[in-house]
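These are my notebook entries on a structure that I looked through one topic at a time. I wrote down each term with its cut-offs when I first needed it.

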Amino acid sequence: MEITVTHIPPIHTLYLSGRWDAFTTKEFENVTGELIRDDGMRLVVLDLANVDYVSSFGLRSLLGLGKTLEPLGGLIHVAALRSNVEKVFVGCGFGSLFPAFPDAAAAANAFPDTV
Amino acid sequence: MSGQSTSSSARIPYRSRLAVRFTLPLLAILAFFSGTMLILGYFHVREQAVAGTAAQIRQLAVFASFQEAYVRRWTEGGAAPVVRALEEAGPDRLYEYDTYRQRLEDAILAAMPAERGMLGITVYLEDTQGRRHAVRFRRGEEPLHFTPGEDAMRRAFLAVANNDGSWRTFVSESGVGKELTTRYYTPVNKRDFQGLPSRFGVLTVDVSMAWVAGRIRTISLTPETQVFFMDNEGAWTLPEAPGDGLASDLARLHRLMFAKQTGQTIVSREGKKYVVAYMPLGSGDLMFGMFIPEKDLFGDLDRTLLFFVMVGLFLFLFALLFLKRTANLILHPVHELSLEAKRLSVGDFSPAKAPPVSRSFSRPLAEQWPDEPTRLYNTATRLRVALGQRQKDLTLLAATRERLFGEIALAGKLQHTLRHGTQKVPDRFILAAELSPAGHIAHEAFDYFSREEGTGETLYCVTASVTAHGIPAALLMDRVLPLLHELLVSGMSPAEALENANTIILSYAPIDKKGLSPFVSVFVGALFAQDGTILWASAGKPPPYRIFIGSTASLPWSGDFPLGVQGESVYTNHTTTLRPGETLLLCGGRLTALLSPDGEAFGEERLLSLLTAATGTPAQLIESIRSACFAHVGSETPPEDIALVAVRWKGRYRASPGSDPEGYGGRQPPGGRQGGMQDGRRS
């Protein structure tokens, strides 16, 4: 999995590509951990347009990121889900935890101004 | 040992290449070579010096020979008037200065050679009573004192006393400045009253050749080098030395010199050995020679050289001793290290004998600045302790590994037993199930069992997978299935069983540093044999597929969380009804995510086309799926667990008129339909 990060304060947009499974969650956790620690990442948009598979491992690492950001006042918006990924994402109930948007711009604009 | 290694191409410091064992012989060879060259060089210089000096002496002798011949001719010719004047006047008139002496003086001066400036001329008369009468001294100088030549002079006087009055010569090295003097003498007669001649005395003319003596001194190597003249009667110019008269060597030298005229020989004199170079002077009745010491040629220089050689030898021996001690200091620890390494290599970790404390320091100093053996001993001790501990660790690790493998094998066996127990399947169902684990312990599993209720038999099918790896996750997996089994057997609906299982799992599941426990995705279905109705709930598990005569469809996603996400999760029961002969396939999402060696996913489309084309029994269906998966990944050991459960409902027990041909009929499932087993989301 490749992760590309853009930072337009105060929002970090992470562009993920490839498979988000047991073998790539470690990389995702390392990157997001460094961004939180070194770059003060709080508002996160996950662009999954190029992610063709998400396993329960990926969902678990997403939940871990959410749990890390929650006490810091952070939020996660998910954007550009493919149909098969959306099936898993919504089918596992994660749609109620992390709002999904059609694209990254919409996801970025949806952050409340007070945050 | 660390992972560091030294390749053969690595540069080795030069100082490390020169081993001590090579240094000692190398230094010894160098010292021997240097000493040999020094000694040979000394002898070479000595030979060259002797040869050079001899050559110069020979050249000087030639000049002196010419000089002597010239003076001889002058004396024999020019001094004749002086002799006649003396004979005419007699000794009584020698001191009549104004008359006779002046005339004698004039005669002498007239007879002086033109080169007289280079010569010192002394003329005197010695009478028969041994009294000397000076006739003329060198101008401006005191009369010479003839100490060294006194005896030779006496012999010369006696020699000429009875001869025919011809001039004889004798050369002496005399005087303070050691001038070379050629002495000519002739008898002087007087006539008595009868006119008969009688011996009056001996007239002596000394011609000193100071320049020759000076030249000899400049070419003499050292003060120990002595130049001498010897006549054919054995008289010579060197002072008498004890034993000279008895020394056969000197007699041999005399014979040798006058026999060979020119040459070189070894002569002993005064207990020392000399190299004597000799050559004739003038007509050959006078020889010129030089004593060159065979030893101590350079005198003080030789002694200084000997001193330095001795000091150098001492230093060399001291250096050898010191080098040996240094080599021992270096090689001893290395030797001990090799022995220590041998002991360690065979697993002998017993403490080595402690090295002796250095005698050079007091004990506190030795402990503060330990010497090489002590440092090696300390290092070896640390190494031994570390290796001993490492060996214990490895032993423990091996035992742990063996135990873990045993436990894993046992766990796998238990898993297999749990999954593939001989569970009874109701007659109205055909069930096939297969698990293809990626390792010894699977993280995906299934369970099925039947339960007899009042309205008929119910078949429960459960598939589950855990989002973690390792034994704890596998153990969690193996606790979930029995837990759900118990909950379902107790009469709970699938949704109730999932809610309770979620609560229980969160109470003991391992929690990571983010506060997350492993997810467990579960599908629970209760299949009623009587009418083919399925009451199901899913906790994040991909929905099963329905396969019926060339068509395949999947049940909808439940939208409920996997177990372990949060504590208050709510799960919903769903109901669907199978048609007679319809097959329900339970599989995990990992099946469609399997990758080929080219990185291509197995994909849901490939699975759907496979299912749609399937016409055989559930067992054949599962086998075709597995074969397709194995072919896709190129191995019979898939990278992910593959759990497959296929259930086919045969149909009703008996057909009843007006019943729904598909068996749906809108009937409530028996038993569990009451109470908590309502279709729809639980509130």
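**Entry 1: buried or exposed.** I began with the rule for burial: a residue is buried when its relative accessible area is under 20%, exposed when the value is over 50%, and partly exposed in between, with a 1.4 Å probe and protein chains only. I noted that this is a predicted model, in which local features need pLDDT of at least 70 and side-chain atom pairs count only at pLDDT 80 or more, while totals for chains, interfaces and linings use all residues. I also noted that residues are numbered from 1 along each chain as its sequence is written, that chains are lettered from A and ligands numbered from 1 in the order in which they are written, and that side-chain values use heavy atoms, with hydrogens and water left out.

**Entry 2: cysteines.** How many disulfides does the structure hold over all chains? I took a disulfide to be a pair of cysteine sulfur atoms within 2.5 Å, and the count over all chains is 0. For B:Cys587 I looked up the closest cysteine sulfur, which belongs to B:Cys629 and lies 8.9 Å away, so it is too far for a bond. B:Cys587 counts as buried at 5% relative accessibility, and A:Cys92 is buried too, with a relative accessible area of 4%.

**Entry 3: chain B as a whole.** Helices (H or I, at least four residues) and strands (E, at least two) are DSSP runs numbered from the N terminus, and chain B has 14 helices and 20 strands. Of the 683 residues in chain B, 43% are buried. Contact means heavy atoms within 4.5 Å; among contacts in chain B between residues at least 6 apart in sequence, 66% join residues at least 24 apart.

**Entry 4: one serine.** I then turned to B:Ser538, which sits in strand β14 (residues 533-539) of chain B and is buried, with a relative accessible area of 1%. Its side chain reaches the backbone oxygen of B:Lys541 at 2.9 Å. When neighbours within four places in sequence are left aside, the residues in contact with B:Ser538 are B:Leu498, B:Val522, B:Phe523, B:Ser558, B:Asp560 and B:Tyr571.

**Entry 5: salt bridges.** B:Glu582 takes part in a salt bridge with B:Arg546 at 2.7 Å, N to O. This pair links distant parts of the chain, 36 residues apart, with B:Glu582 in the loop between β17 (572-577) and β18 (583-587) and B:Arg546 in strand β15 (residues 545-548). Is B:Glu582 buried or exposed? B:Glu582 is buried, with a relative accessible area of 1%, and B:Arg546 also counts as buried at 14%. B:Glu582 meets B:Arg579 in a salt bridge as well, at 3.3 Å, N to O, and B:Arg579 is partly exposed at 22%. I also wrote down a network of salt bridges that links B:Glu444, B:Lys541 and B:Arg590.

In chain A, A:Asp38 and A:Arg37 form a salt bridge whose closest N and O atoms are 3.5 Å apart. A:Asp38 is exposed, with a relative accessible area of 57%, and A:Arg37 is exposed at 60%.

**Entry 6: a helix in chain A.** Which residues of helix α3 (residues 83-91) of chain A are buried? They are A:Val85, A:Val88, A:Phe89 and A:Gly91. An α-helix has 3.6 residues a turn, so residues three or four places apart point the same way. The elements that cover the buried residues of α3(A) include β3 (43-54), α2 (56-69), β4 (75-79) and β5 (100-101) of chain A. Just after α3(A), A:Gly93 takes a positive phi of about 85 degrees.

**Entry 7: where the chains meet.** The contact takes 28 residues from chain B and 22 residues from chain A. Buried area is the accessible area (1.4 Å probe) that two parts lose on being put together, summed over both; between chain B and chain A it is about 1900 Å², of which carbon and sulfur atoms give 62%. I found 1 salt bridge between chain B and chain A, and A:Lys87 forms a salt bridge with B:Glu604, the closest N and O atoms being 3.6 Å apart.

Note on methods. A salt bridge is a side-chain nitrogen of Lys or Arg within 4 Å of a carboxyl oxygen of Asp or Glu. A polar contact is a pair of N or O atoms within 3.5 Å; within protein, one must be able to donate a hydrogen and the other to accept it, and residues adjacent in sequence count only if both atoms are side-chain atoms.
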